[in-house]
Amino acid sequence: MKPIKVGLLGLGTVGTGVVRIVEGHQEDLQSQVGLPIVIEKVLVQNKTKSRSISIDPDKLTEDPWDIIRHPDIDVVVEVMGGIAGTKEYIIEALSRGKHVVTANKDLMALHGPEIVAKAKENGCDILYEASVAGGIPILRTLVDGFSSDRITKIMGIVNGTTNYILTKMSQEGASYSDVLKEAQELGYAEADPTSDVEGLDAARKMTILATLGFRTNVSLANVSAKGISQVSKEDILYAKRLGYELKLLGIAERQDDLVSISVQPTMVKQTHPIASVNGVFNAVYVYGDAVGETMFYGAGAGELPTATSIVADLVAVVKNLKLGVSGKQNGVADYKETKLKSDDQISSKYFLLLHVADRAGVLARITQVFAEFEVSLESVLQQPNPNNPDAEIIIITHDASKAAIQKVIDTFGSLDVVYKVKSVYRVEG
Ligand SMILES: NC(=O)C1=CN([C@@H]2O[C@H](COP(=O)(O)OP(=O)(O)OC[C@H]3O[C@@H](n4cnc5c(N)ncnc54)[C@H](OP(=O)(O)O)[C@@H]3O)[C@@H](O)[C@H]2O)C=CC1
Ligand SMILES: N[C@@H](CC=O)C(=O)O
């Protein structure tokens, strides 16, 4: 029985988990595919670095071409991250008839269609389940589980690092920078954590989810992204007092042919199940015309959860090989271009926190601005500002268009009684 030979690009958080699962679950894996799965060679930056697992030093290499050009390697698993080098290695591996499994959302969000086309051209599989929501098998679910339905909305917490930070800030009053450091030490954050905290990692994942879910070619530029670096403890406290939690949500919506995709810190009603998704956990809601609402929950980052998805992809590659159906799947490279909704067509409830003058008639002038742009209000709360002689007004609107809310904010800029638009958040639930 000839084993399946795997070349592993990267032995960091995820790569280490892949080795542990392939070795630890070898018997179960063999019982599913009927062949041993062997890690033949492993690419690292530094062979002399101390590792948390023991690995045969002869298997380590610092030269990617030892793997890409290796005549016996059947599958390349890319878990090193980055774009320039990895794209070249993956394209070359596919050109040489090797199947590829990757966790690299940066690469798949930017170059997915080109890479998938290359895989098809060469009759190879390219699978990337681990690139979105770590251990949750959401990509396979969208492609296979919902193949009979028309998905209208995908909403989720898809970044573990930021959910870990917001949870600790909300539950323990911890400081943003301390918790970010913890998330890095736990292996959740990206090599450059700016992409986590500024919403780019989540935007890349939403690009992939919307592409597969809506069966249309979404590009990263189609996703508007805002992260959590400007979220203050005060905002989190206000959210709680009003019965909400602040979460970094990715939201992709489709109406007829038009889509909108965004990532932003969002006030979620505490009664909505997504409000209680805490720590490194992710959750993805999928709404279908026929199925209605569904929810998928699990660890969104970390060594073993992410490696579970990688090894599941490896098993799929081997099953396809045995059935002789590698690289036969349609998708991504065949999808049509996306048509985006305009800001007039994107609608939701909003939360606004304003610092205003504390005198007669101010509330009337402010509510008049909302009326001018036909934004109706759900609740208004005015109170003295504890730190200043001015007052705070907290407003929650009914559904309003993104364009109308922007006009309201712009108008406040020229209103002498509004000192500052302190915070604006989308509201869900
Ligand atoms: N961490 C997580 O929870 C998740 C990560 N991902 C994705 O998985 C990928 C890997 O992430 P993660 O394991 O956290 O990353 P790490 O930084 O922990 O590991 C990267 C590994 O790749 C090696 N490497 C990096 N650059 C090079 C290079 N130029 N040449 C040779 N080897 C290189 C490093 O070598 P050395 O060990 O010698 O430094 C290291 O072993 C990324 O694309 C990430 O976005 C996806 C889902 C979850
Ligand atoms: N940095 C990412 C890792 C998984 O994709 C996250 O925190 O979610």
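How many nonpolar, polar and charged residues does the shell around ligand 2 have? The shell has three nonpolar, five polar and three charged residues, where Ala, Val, Leu, Ile, Met, Phe, Trp, Tyr, Cys and Pro count as nonpolar, Asp, Glu, Lys and Arg as charged, and the others, Gly among them, as polar.

## Basis of the model

This is a predicted model, in which local features need pLDDT of at least 70 and side-chain atom pairs count only at pLDDT 80 or more, while totals for chains, interfaces and linings use all residues. Residues are numbered from 1 along each chain as its sequence is written, and chains are lettered from A and ligands numbered from 1 in the order in which they are written.

## The two ligand shells

Among the residues around ligand 2 are Gly134, Asn159, Glu190, Asp196, Asp201 and Ala301; a residue counts as near a molecule if its C-beta atom, placed from the backbone, lies within 6 Å of it.

Ligand 1 has 26 residues around it, of which Gly10, Gly12, Met80, Gly81 and Ala301 come nearest. By class, this shell holds eleven nonpolar, 13 polar and two charged residues, and at least three of its residues come from each of domain 1 (4–134 + 304–335) and domain 2 (138–299). Helix H1 (residues 13–24) contributes the most, with three residues, helices being DSSP runs of H or I with at least four residues, numbered from the N terminus.

## Domains and their contact

The chain is assigned domain 1, domain 2 and domain 3 (347–428), with bounds from an automatic or database domain assignment. The centres of domain 1 and domain 2, taken over C-alpha atoms, are 26 Å apart. Their contact takes 19 residues from domain 1 and 23 residues from domain 2, two residues being in contact if their C-beta atoms, placed from the backbone, lie within 7 Å. On the side of domain 1 that touches domain 2, helix H5 (residues 105–121) supplies the largest share, seven residues.

Methods
Helix = DSSP H or I, 4+ residues; strand = E, 2+ residues; numbered from the N terminus.
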